[in-house]
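Here are my notes on this one, jotted down as numbered points. Have the structure open while you read.

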Amino acid sequence: MEDMNGILIPHWFDRLSMIAYQIAEELSKITEQLEDSQHEIDVLYEKLEESGDPSLRV
């Protein structure tokens with residue numbers, strides 16, 4: 001197999017590229033879930049702070 005410039009590319013490169021793309025997609029999903037979770041934590045913490053609970057003071 002050759003790229004557009006005529007450079008030979010090993011046959012396994014396409015498979016490796018596909019695996020790397022799938023990993024990137026999964027990492028993107030995980031990152032999005034972490035951001036959502038962090039937002040939920042921030043909202044809950046803000047509500048706790050507003051409640052005036054003295055046990056939150058450090």
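1. A word on burial before anything else: buried means under 20% relative accessible area, exposed over 50%, and partly exposed in between, with a 1.4 Å probe and protein chains only. On that scale Lys29, at 47% relative accessibility, counts as partly exposed. Glu26 is also partly exposed, at 42%.

2. On provenance: this is a predicted model, where local features need pLDDT of at least 70, side-chain atom pairs count only at pLDDT 80 or more, and totals for chains, interfaces and linings use all residues. Residues are numbered from 1 along each chain as its sequence is written, and side-chain values use heavy atoms, leaving out hydrogens and water.

3. The fold is quick to describe: one helix and zero strands. (Helices are DSSP runs of H or I with at least four residues, strands are runs of E with at least two, and numbering starts at the N terminus.) Helix H1 covers residues 13-51, and its 39 residues should span 57 Å at 1.5 Å a residue; the end C-alpha atoms are 57 Å apart, which agrees. The expected span is 1.5 Å times one less than the number of residues. After H1 comes Gly52, with a positive phi near 75°.

4. How much of the chain is buried? Of its 58 residues, 0% count as buried. The chain exposes about 5,600 Å², with carbon and sulfur atoms supplying 59% of it; areas are Shrake-Rupley with a 1.4 Å probe, and for residues only the protein chains shown count as cover.

5. There is one salt bridge, meaning a side-chain nitrogen of Lys or Arg within 4 Å of a carboxyl oxygen of Asp or Glu. Lys29 and Glu26 form it, at 3.4 Å from N to O. The two sit three residues apart in H1, so about one helical turn separates them.

6. Now the patches, built from residues with over 30% relative accessible area and no salt bridge, joining like charges within 9 Å and nonpolar side chains (Val, Leu, Ile, Met, Phe, Trp, Tyr) within 5 Å. Ile19, Ile23, Leu27, Ile30 and Leu34 make a nonpolar one of about 450 Å²; Leu27 lies in H1.
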